[in-house]
Amino acid sequence: MVRIDCHSHIKNKVWDVAGLTPESLMEAADELGIDSFCCSTLTFGMPTPDEFRMCNEVVLKAMREYPGKILGYCFVNPGYQKESLMEIEKRVVEDGMMGVKLYNQYKCTDPVTFSLVSKTIELKVPILQHAGYLTDPAGAAEQPNISNAQDVARLASLFPEAMIIEAHLGGGGDWEWALKNLRKARSVYADTSGSVIDMGMIEKAVKCLGAERLLFATDLSMEEGVGKIIDAKIGDGERQLIFGDNMSKILGMRSR
């Protein structure tokens with residue numbers, strides 16, 4: 001089965017991200033049968049345009065080193081709307097990046113994000129939205145602007161043509177709560193990444209959302225990411241949708 005990891009990362013000079021490099025991703029690809037990785041790299045706090053451009057240069061370099069194996073998300077900070085729009089245009093149209101990565105600088109429902117969402121609709125590329133329903137007070141306090149499934153569903157209702165991927169179902173806190181809130185947001189995909197390997201998680205996600213709305217991903221959990229899909233008690237057709245067919249369809253949508 002084709003395996004497209006829709007959520008992976010590459011380290012940069014300020015974010016070590018478990019030491020992931022293009023070379024280590026290729027080693028994982030060989031060991032785990034992953035055909036390609038959709039990657040971003042980012043910084044914390046409120047990155048300036050220079051900082052998010054640096055992140056995208058790191059990913060672009062990896063894309064050029066491993067064409068077709070490493071695909072890139074363009075990371076931006078919505079607080080710099082003009083610069084972010086210019087960066088998305090440059091990276092997607094000129095440099096061939098496959099989508100946009102939004103982190104936790106703003107809730108995805110903050111109007112500051114709306115022009116960026118509209119841009120992704122124009123280009124027909126997905127948004128990978130960092131999200132989670134964090135029940136630990138200390139963890140939640142570290143990310144006061146983190147989006148959750150209700151926020152993502154609300155954004156989808158405002159922009160039904162947008163291709164929105166909610167990140168790390170298995171690493172964003174209460175995944176059952178997330179599934180309940182995404183159920184009716186039919187244009188939203190959920191990626192399966194994260195270190196959580198609760199029994200029945202994938203099966204319940206298939207039942208709740210349908211296999212056509214789930215995307216295989218690892219984030220920082222390679223073996224767990226692959227194993228939870230292989231081990232899930234679902235049909236081979238559903239497994240193929242999750243492993244690669246759904247993301248292939250998304251990647252085939254881009255307009256230019």
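The model is predicted, with local features needing pLDDT of at least 70 and side-chain atom pairs counted only at pLDDT 80 or more, while totals for chains, interfaces and linings use all residues. Residues are numbered from 1 along each chain as its sequence is written, and side-chain values use heavy atoms, without hydrogens or water.

The buried residues of α1 are Pro 22, Leu 25, Met 26, Ala 28, Ala 29 and Leu 32. Viewed down the axis of α1, these fall within an arc of 160° and so line one face of the helix. They pack against β1 (4-9), β2 (36-40), α2 (49-65), β3 (70-75) and α9, contact meaning heavy atoms within 4.5 Å.

Helix α1 (residues 22-32) packs with helix α9 (residues 222-231) at an angle of about 30°, the axes being 11 Å apart. This makes α1 roughly parallel to α9 (angles under 35 degrees). The contact involves Leu 25, Ala 28 and Leu 32 of α1 and Met 222, Glu 223 and Val 226 of α9.

In helix α4 (residues 114-123), the buried residues are Leu 116, Val 117, Lys 119, Thr 120 and Leu 123. Their arc around the axis is only 155°, which puts them on the same side of α4. They pack against α3 (81-94), β4 (99-102), β5 (127-129) and α6 (149-158). Lys 124, which follows α4, has a positive phi near 60°.

Note on methods
Axes are lines fitted to C-alpha atoms, for helices over the stretch in contact, and angles run from 0 to 180 degrees between N-to-C directions. Helices (H or I, at least four residues) and strands (E, at least two) are DSSP runs, numbered from the N terminus. Angles under 35 degrees count as roughly parallel, over 145 as roughly antiparallel, 65 to 115 as roughly perpendicular and the rest as oblique. Buried means under 20% relative accessible area, exposed over 50%, partly exposed in between (1.4 Å probe, protein chains only). The arc is that of the directions from the helix axis to the C-beta atoms.
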